[in-house]
Amino acid sequence: MNANQGLDEARRVVRDVGDHPVLDAMARWGFLMSGLLHIVIGYTATRVAWGGGGSADQSGALAALASNPAGALLMWIIVIGLLALVVWQLTVAIAPGVGDGWLDRGKAVAKAAVYAVLAFTAAQFALGSGSSKSSEQSSQGVTTALMAQPAGQVLVGAIGVVIVGVGAYHVHKGLTHKFLEDLEKDPGAPARALGMIGYPAKGVVLGLVGAFFVLAAVQHQSSEAAGLDGALKSLKDEPFGPYLITAVGVGFVAFGLYLLARARHQRI
């Protein structure tokens with residue numbers, strides 16, 4: 001067996017793993033858990049809009065879920081689902097389907113990394129060592145560390161531009177119904193409507209997060225960087241701020257509900 005044959009065989013094995021019914025079921029469970037987190041984030045955002053407390057980001061959502069009596073068990077259930085998504089995305093990156101190019105592979109790797117970070121955070125909460133530190137604090141910490149590196153200012157700015165691009169893609173994906181390409185079949189009018197609302201809402205907030213990173217780079221001030229929670233709260237002092245945050249919160253709930261439908265119809 002030559003090197004190319006060995007590589008093809010390895011990809012076939014990875015593809016078989018990705019197509020296995022057990023991983024299929026667990027990955028769908030992961031989408032359910034991701035949907036739950038987005039719903040909690042959206043609910044928290046609407047509370048923040050009108051003076052309530054909490055962090056409208058992933059850590060805040062995990063902290064809220066972990067605080068209930070069955071919190072530790074729920075955290076492990078979330079961890080399992082998210083890790084399944086990590087494995088599935090890696091199989092997509094290693095053994096892509098027909099028509100998938102390097103961009104699709106790169107997106108799969110990036111998504112796997114995001115799910116892995118979320119799974120690690122959820123595991124910390126399950127073990128009782130989780131931190132409800134907001135995404136704004138985390139973003140400022142990361143930005144400070146990057147700024148201290150050679151060409152750190154450029155790197156922070158580049159990260160911001162990439163995040164803005166991801167946000168713009170989310171808006172485009174929602175408005176053009178491109179998200180339906182991820183699914184085995186049309187999920188129905190309600191799910192389509194939820195995707196059309198949810199993707200742009202998430203895209204707008206990601207665009208704000210990226211803009212804050214660019215601003216931090218331009219001004220060489222790590223304090224300007226903001227995560228999801230900080231980006232939402234930055235809208236509060238704008239005209240009609242509470243209404244804007246509420247609209248985004250409703251959008252996040254819509255996106256979470258869409259993910260529940262995606263769990264059933266996702267092409268895996």
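His 177 is found in the loop between α7 and α8, where helices (DSSP runs of H or I, at least four residues) are numbered from the N terminus. The model is predicted, so local features need pLDDT of at least 70 and side-chain atom pairs count only at pLDDT 80 or more, while totals for chains, interfaces and linings use all residues. Residues are numbered from 1 along each chain as its sequence is written, and side-chain values use heavy atoms, with hydrogens and water left out.

At 30% relative accessibility, His 177 counts as partly exposed, a class that lies between buried (under 20% relative accessible area) and exposed (over 50%), with a 1.4 Å probe and protein chains only. A positive phi, about 60°, is also found at Phe 240, which is not a glycine. Phe 240 sits in the loop between α9 (228-233) and α10 (241-265), and with a relative accessible area of 65% this residue is exposed.

The axes of α7 (residues 152-175) and α8 (residues 189-219) come within 7 Å and cross at roughly 165°. Axes here are lines fitted to C-alpha atoms, for helices over the stretch in contact, and angles run from 0 to 180 degrees between N-to-C directions. That angle makes α7 roughly antiparallel to α8, since angles over 145 degrees count as roughly antiparallel, under 35 as roughly parallel, 65 to 115 as roughly perpendicular and the rest as oblique. The contact of α7 with α8 holds 19 nonpolar, 10 polar and 2 charged residues. In this sorting, Ala, Val, Leu, Ile, Met, Phe, Trp, Tyr, Cys and Pro count as nonpolar, Asp, Glu, Lys and Arg as charged, and the others, Gly among them, as polar.

Ser 59, Gly 60, Ala 61, Leu 62 and Leu 65 of α3 are buried, and their cover includes α2, α4 (71-94) and α5. With α2, helix α3 packs at an angle of about 100°, the axes being 9 Å apart; α2 and α3 are therefore roughly perpendicular to each other. Leu 36, Leu 37, Val 40 and Ile 41 in α2 meet Gln 58, Ala 61, Leu 62, Ala 64 and Leu 65 in α3, where contact means heavy atoms within 4.5 Å. By class, this contact of α2 with α3 has 8 nonpolar, 1 polar and no charged residues.

On α5 (residues 102-126), the packing angle with α3 is about 35°, and the axes are 10 Å apart. Here Gln 58, Ser 59, Leu 62, Ala 63 and Ala 66 in α3 meet Leu 118, Thr 121, Ala 122 and Phe 125 in α5. The contact of α3 with α5 has 6 nonpolar, 3 polar and no charged residues.

In soluble globular proteins, nonpolar side chains tend to be buried together. The largest nonpolar core of this model has 53 residues, of which Met 75 and Ile 78 touch the most other members. Such a core is a set of buried Ala, Val, Leu, Ile, Met, Phe, Trp, Tyr and Cys residues joined through side-chain atoms within 4.5 Å. Helix α2 (residues 21-49) gives the largest share of this core, 9 residues. Leaving out residues up to four places away in sequence, Met 75 touches Leu 62, Leu 65, Ala 66, Ala 122, Phe 125 and Ala 126.

Methods: Helices (H or I, at least four residues) and strands (E, at least two) are DSSP runs, numbered from the N terminus.
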